[in-house]
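Please look over the structure shown below alongside the following notes. The points take up the ligand and then the boundary between the domains.

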Amino acid sequence: MWTYLNGEFIPKEEVRVSPFDRGFLFGDSVYEVIPSYNNKLFLFDEHLERLRNSLSITKIPIPESLEDLHPLAMELLKKNQFLNQAIYIQITRGVDPERSHVSANTTVPTLFMSSTELEINPYRENPHKKGLKIKLEEDIRWKRCDVKATTLLPNIIPFHREEESDSDEILFHDGQKINEGSKSNVFFVFEDLIVTPPKEQNILLGVTRNYFLKRLSEEGFNVTEKEVRIKDLNKADEIWVTSSTKEIQPVHQVDNMVLPGKELEEYYWHKALKVLEEDLKSNC
Ligand code: PDD
């Protein structure tokens with residue numbers, strides 16, 4: 001497997017970053033995960049725009065190689081050979097001469113990329129597979145979740161508690177208000193209305209979320225951005241999560257509440273997945 005670090009392609013076993021890198025010392029870094037199907041990057045421009053936004057908000061300088069991100073990512077895909085891959089891109093504020101909260105103005109950012117094989121969404125191969133089991137958790141994250149920062153302790157800790165080790169996803173709520181998953185955005189279906197929390201809430205504006213909002217409304221579905229409260233959960237006919245690596249996946253259970261069942265063809269998540277599959281055919 002190949003990686004890319006600051007201008008060079010380096011085998012995974014040989015790549016090294018200094019422990020004085022601010023990404024290591026402070027979590028002073030941002031990232032993106034971009035899927036590729038059939039050796040073509042999916043929604044690359046949207047990911048690049050969000051990466052630029054994360055850099056701008058954190059004031060991490062733009063690395064020179066960002067201009068060439070598309071050809072560099074394509075080269076990495078070629079070297080790592082899998083047909084479908086997930087590219088991980090991390091940019092840190094760089095390596096300082098010594099640990100200091102204030103970075104030296106000569107410090108240049110670190111740009112690291114790796115890729116892994118993208119697992120096919122299991123609900124494409126078997127749409128009858130039981131949905132995900134998710135757990136509610138009070139959202140204790142910082143207030144700028146629109147920045148795709150690598151500092152993810154609140155997103156990671158719940159998965160390491162023994163009682164939650166069998167949860168597929170954690171659903172963060174701020175009091176009554178549901179925000180998003182620890183690694184995905186969330187959608188709800190109430191009768192024929194598809195709802196996802198609005199961008200004014202403390203969420204990452206998922207590229208997959210935005211894609212489904214746009215495409216489902218173009219396809220004539222009734223879809224909107226609206227607050228959903230914990231007390232609304234038992235009225236939901238469906239809940240889905242979306243992300244660049246999971247695409248769209250249905251939820252079966254939230255804490256002890258099991259969602260109602262229906263025929264596969266009636267599920268909106270299944271119709272949404274069909275829209276994506278059609279788009280991927282024309283993308284590839
Ligand atoms: N996570 N919300 C959070 C907190 C996320 O970490 C992610 C993605 C999303 C979905 O965003 P997108 O559709 O742009 O992938 C929402 C990535 C995949 C990860 O951390 O691996």
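1. In glutamate 180, a polar side-chain atom is 2.6 Å from a nitrogen atom of the ligand. For arginine 50, a side-chain N or O atom lies 2.8 Å from a ligand oxygen atom.

2. This is a predicted model, in which local features need pLDDT of at least 70 and side-chain atom pairs count only at pLDDT 80 or more, while totals for chains, interfaces and linings use all residues. Residues are numbered from 1 along each chain as its sequence is written, and side-chain values use heavy atoms, with hydrogens and water left out.

3. The ligand is surrounded by 18 residues, each with a heavy atom within 4 Å of it. The closest are Tyr31, Glu180, Val207, Thr208 and Ser244.

4. The protein is divided into domain 1 (2-118) and domain 2 (124-283), with bounds from an automatic or database domain assignment. Their C-alpha centres are 26 Å apart.

5. In contact (heavy atoms within 4.5 Å) are 23 residues of domain 1 and 20 residues of domain 2. Between domain 1 and domain 2, five residue pairs are in polar contact, both residues at pLDDT 80 or more.

Technical notes. A polar contact is a pair of N or O atoms within 3.5 Å; within protein, one must be able to donate a hydrogen and the other to accept it, and residues adjacent in sequence count only if both atoms are side-chain atoms.
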